[in-house]
Amino acid sequence: MFQIKKICCIGAGYVGGPTCSVIASMCPEITVTVVDVNESRIKAWNSETLPIYEPGLNEVVMSCRGRNLFFSTDIDSAIKEADLVFISVNTPTKTYGMGKGRAADLKFIEACARRIVEVSDGYKIVTEKSTVPVRAAESIRRIFDANTKPSLSLQVLSNPEFLAEGTAVKDLKDPDRVLIGGDETPEGQRAISALCAVYEHWVPKSRIITTNTWSSELSKLAANAFLAQRISSINSISALCESTGADVEEVARAVGTDQRIGSKFLKASVDTLISKNVFIFVIDMNEYQRKRFACRIIDCLFNTVTGKKIALLGFSFKKDTGDTRESSSIYISKYLMDEGAKLHIYDPKVLKEQIIQDLSQPSISGDNPERVSDLVTVSSDPYEACGSAHALVICTEWDMFKELNYEKIYHKMLKPAFIFDGRRVLDHLHPQLQNLGFQIETIGKKVTTRIPFTPSGGGGGPRLNEPPIKKTKV
């Protein structure tokens with residue numbers, strides 16, 4: 001059987017970095033090199049402050065970095081020396097042309113395939129780990145076949161990741177399953193066996209599932225679809241709860257006791273990342289949820305936030321990670337900036353540069369990126385962010401937000417002082433917060449004690465009851 005001794009991973013992001021760090025930790029006899037064109041990111045991986053925050057990741061990296069785990073910008077050398085090449089590059093949603101806002105942009109996948117075939121010789125296994133549409137592996141294979149050399153033999157596998165950010169290291173060390181897809185030919189089965197042998201260092205054979213390539217790719221997308229549908233369904237119910245007096249948490253608990261449904265992922269929130277590139281309705285439901293939450297903020301602040309200071313706590317898309325891709329905070333910030341709000345943003349793990357970069361992209365800032373510097377302040381302290389603010393908005397469920405001194409915050413805010421909890425992290429504190437004087441608005445629940453306000457009947461006010469756009473096509 002072909003034995004993998006050297007691994008190259010193209011892409012030092014949220015998939016490639018943690019995955020290969022754990023592989024290096026579990027397989028000390030295998031040399032693992034993670035490469036990326038982003039020099040500053042590679043420098044960060046080689047520093048004391050990693051570019052990614054995940055609980056337990058720092059310990060894993062430090063235990064094997066410099067021994068059998070390396071981070072480099074020398075992509076070609078790493079590819080040439082490797083027996084196995086992981087493709088772990090980003091597959092962002094298209095921002096232009098056909099499929100804009102819906103389809104995955106595979107330009108980085110294609111660029112990797114062309115570079116691999118250009119610099120490689122001998123026998124190599126090329127494995128896609130990025131989330132890709134079905135038949136992406138076939139596209140990679142077509143590029144290989146069209147540029148092949150007599151001295152070259154490349155086998156293509158699909159090995160999608162099923163990580164939840166915030167628990168990535170735990171998920172990698174103790175996965176529910178490892179999925180590997182490849183050709184049903186002798187050469188394809190040989191490549192599958194070689195990759196299985198790597199994972200068998202620490203994963204029981206019963207959890208390693210082997211399929212053909214298409215089934216592997218579709219399984220990843222189907223898993224995302226099932227999870228996204230559950231979250232979007234509970235989010236749609238949350239709107240009814242806010243208008244009727246029901247509590248979405250109680251509804252979710254009652255529904256989740258049904259063994260046919262289960263309780264996992266029935267938690268209402270501003271949105272979810274896993275819905276990207278799955279179903280159009282799910283994406284529209286998330287967009288609706290974000291807009292509805294932003295409109296609720298504007299409505300409660302007397303139908304205008306122009307010039308008002310709003311503290312936004314949390315910018316990563318979930319707790320225990322610094323990842324901001326498709327974070328609800330980005331879009332809520334956009335809607336509030338569109339209304340002229342002055343945002344003061346705090347997140348314990350997201351860097352100021354990342355926040356400014358996310359808010360300055362054309363799809364968020366439009367034709368006026370300069371407005372970000374005028375309207376956005378990134379704070380290093382949550383109490384500083386909340387000082388003299390009209391409202392406090394929680395967009396990420398960081399545990400520290402449950403433990404803040406809200407009496408101190410209340411005295412520093414303008415009155416009436418509002419809290420908008422987009423993650424349901426303060427439910428247990430509602431009585432105390434109301435006793436302090438806070439006006440509380442939360443996802444999926446109608447809080448009874450609030451200042452009554454009816455927005456003007458003109459057309460300029462936010463349309464809080466606007467239904468989501470219904471799409472029937474998949």
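User: Hi! Are Phe-418 and Phe-420 buried or exposed?
Analyst: Hi there! Both Phe-418 and Phe-420 are buried. One thing to keep in mind as we go is that this is a predicted model.

User: Thanks. What is the protein made of, in terms of helices and strands?
Analyst: The protein has 18 helices and 14 strands.

User: And how many of its residues count as buried?
Analyst: Of the 474 residues, 51% count as buried.

User: Where do Tyr-406 and Phe-438 lie?
Analyst: Tyr-406 is in helix α17 (residues 406-412), while Phe-438 is in the loop between α18 (430-436) and β14 (439-442). The pair therefore ties together parts that are 32 residues apart in sequence.

User: Is that pair buried or exposed?
Analyst: Tyr-406 counts as buried, because its relative accessibility of 5% falls under the 20% cut-off. Phe-438 is buried too, with a relative accessible area of 1%.

User: What about Phe-418 and Phe-420, how are they arranged?
Analyst: Those two form a stacked aromatic pair, 5.9 Å centre to centre and with 15° between the planes. Along with Phe-302, they form one aromatic cluster.

User: Which charged residues sit over rings?
Analyst: Here are two examples. Lys-129 lies over the face of Phe-86, at 5.4 Å from the ring centre. The charged end of Arg-177 sits over the ring of Phe-162, 3.7 Å from its centre.

User: New topic: at what angle do helices α6 and α9 cross?
Analyst: The axes of α6 (residues 136-146) and α9 (residues 213-244) cross at roughly 135° and come within 8 Å. That makes α6 oblique to α9, because an angle over 145 degrees would be needed for roughly antiparallel.

User: Which residues meet there?
Analyst: On the α6 side they are Ala-136, Ala-137, Glu-138 and Arg-141. In α9, they meet Thr-213, Trp-214 and Glu-217.

User: Last one: how many of the contacts join residues at least 24 apart?
Analyst: The figure is 75%, taken among contacts between residues at least 6 apart in sequence.

How values were computed. Residues numbered from 1 in each chain as written. Predicted model: local features only at pLDDT ≥ 70, side-chain atom pairs only at ≥ 80, totals over all residues. Heavy atoms only, no water. Helix = DSSP H or I, 4+ residues; strand = E, 2+ residues; numbered from the N terminus. Buried < 20%, exposed > 50% of the residue type's maximum accessible area, 1.4 Å probe, protein only. Phe/Tyr/Trp six-rings, centres within 6.5 Å; stacked < 30°, edge-to-face > 60°. Lys NZ or Arg CZ within 6 Å of the ring centre and 35° of its normal. Contact = heavy atoms within 4.5 Å. Axes fitted to C-alpha atoms, helices over the stretch in contact; angles between N-to-C directions. Parallel < 35°, antiparallel > 145°, perpendicular 65-115°, else oblique.
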